[in-house]
Amino acid sequence: MTRVLIVEDERSLLRALAMNLTARGYEVTEADTATKALAAAATAEHDVVLLDLGLPDLSGLEVIRAVRGYATMPIIVLSARTGSSDKVAALDLGADDYVTKPFSIDELLARLRAATRRASAAEPPRVVQVGRVSVDLDAKIARRDDGQRVHLTPTEWHLLEALVRHPGKLVTGRTLLTELRGTPDHTDPSYLRIYMGQLRRKLEPEPSRPQHLITEPGMGYRFQP
Ligand code: CA
């Protein structure tokens with residue numbers, strides 16, 4: 001049974017989420033403040049956390065910072081439809097994904113399943129399918145299904161690996177730039193866009209309508225298997 005800690009100060013939403021998830025077989029713990037959330041996270045094991053960022057006592061960002069000090073379970077942010085800076089900050093602090101309110105229960109369940117699946121996969125696969133291209137991350141060989149090799153530059157390999165290592169996960173631009181350049185600073189914002197464009201041209205069946213290397217505007221990128 002998957003144990004979910006729901007942290008949300010809006011009582012009606014908290015109740016609705018708890019009822020929906022319980023009905024689907026999840027074991028639910030509810031918290032309507034950051035203080036209760038931190039107490040619950042410290043005293044019992046949870047497989048995943050659903051976390052509102054706007055809490056009455058502490059910011060949800062503080063909850064992420066504290067929980068990440070000792071635990072690695074997935075954290076999915078329940079975010080209001082304001083700018084992207086809070087969401088990016090949450091992801092950079094170690095949140096795994098976010099859904100924007102109002103969200104459908106189906107959307108939330110899909111993200112929940114993806115997050116728990118990622119967390120329980122012992123080792124990410126080393127051969128990944130990107131559309132019709134099979135990508136061997138160890139041998140550094142990409143091959144189309146007709147057997148033809150696809151040549152990627154070292155930077156393209158690096159960027160691709162950073163994305164496909166976490167299937168379905170949103171990776172922020174800041175994280176990718178740190179991965180590629182050792183620092184997120186002093187970098188032309190078009191840098192990632194250019195390399196993602198190249199990867200799409202080489203790997204996506206229809207580069208102008210990407211299905212696997214997805215841009216999350218203002219946030220980062222996601223590999224959709
Ligand atoms: Ca709130």
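Visitor: How do helix α6 and helix α8 pack, and at what angle?
Guide: In this predicted model, helix α6 (residues 154-164) packs against helix α8 (residues 190-203) at about 90 degrees, and their axes are 10 Å apart. Angles of 65 to 115 degrees count as roughly perpendicular, so that is the word for α6 and α8.

Visitor: Which residues make the contact?
Guide: From α6, they are Thr155, Glu156, Leu159, Leu160 and Leu163. α8 brings Tyr191, Leu192, Tyr195, Met196, Gln198, Leu199, Lys202 and Leu203.

Visitor: And how many of those are nonpolar, polar or charged?
Guide: The contact of α6 with α8 has nine nonpolar residues, two polar ones and two charged ones.

Visitor: Which strands does α6 lie across?
Guide: α6 lies across β6, β7 (133-136) and β8, and runs at about 95 degrees to β7.

Visitor: OK, what's the strand order in that sheet?
Guide: The order is β6-β7-β8-β9, four strands in an open sheet with antiparallel pairing. β6 (127-130) and β9 (149-150) are the edge strands, each pairing on one side only.

Visitor: How many bridges join β8 to β9?
Guide: Two bridges join strand β8 (residues 141-144) to β9, and the strands run antiparallel. Ala142 has Val150 in β9 as its bridge partner.

Visitor: Switching topic: which residues hold the calcium ion?
Guide: The protein donors are Asp9 (OD), Asp52 (OD) and Gly54 (O), at 2.1 to 2.3 Å from the calcium ion. Along the chain, these donors follow the spacing D-x42-D-x1-G.

Visitor: Is Asp52 buried or exposed?
Guide: Asp52 has 6% relative accessibility, and the cut-off for buried is under 20%, so Asp52 counts as buried.

Visitor: What about Gly54?
Guide: Gly54 has a relative accessible area of 46%, so it is partly exposed.

Visitor: Last topic, β12. Which strands does β12 pair with?
Guide: Strand β10 (residues 170-172) pairs with strand β12 (residues 220-223) in the antiparallel sense, over three bridges. Strand β11 (residues 213-216) is also joined to β12, by four bridges, and those two run antiparallel.

Visitor: Which residues are bridge partners there?
Guide: Among them, Thr172 is partnered with Gly220 of β12, and Leu213 with Phe223 of β12.

Visitor: And what sits between β11 and β12?
Guide: β11 and β12 form a hairpin with three residues between them. In the turn, Gly218 has a positive phi of about 75 degrees.

Technical notes. Residues are numbered from 1 along each chain as its sequence is written. This is a predicted model: local features need pLDDT of at least 70, side-chain atom pairs count only at pLDDT 80 or more; totals for chains, interfaces and linings use all residues. Side-chain values use heavy atoms; hydrogens and water are left out. Donors are N, O and S atoms within 2.8 Å of the metal (3.2 Å for Na, K and Ca); water is not among the atoms, so sites may look incomplete. Buried means under 20% relative accessible area, exposed over 50%, partly exposed in between (1.4 Å probe, protein chains only). Two strands pair if DSSP finds at least two bridges between them. Axes are lines fitted to C-alpha atoms, for helices over the stretch in contact, and angles run from 0 to 180 degrees between N-to-C directions. Angles under 35 degrees count as roughly parallel, over 145 as roughly antiparallel, 65 to 115 as roughly perpendicular and the rest as oblique. Contact means heavy atoms within 4.5 Å. Ala, Val, Leu, Ile, Met, Phe, Trp, Tyr, Cys and Pro count as nonpolar, Asp, Glu, Lys and Arg as charged, and the others, Gly among them, as polar.
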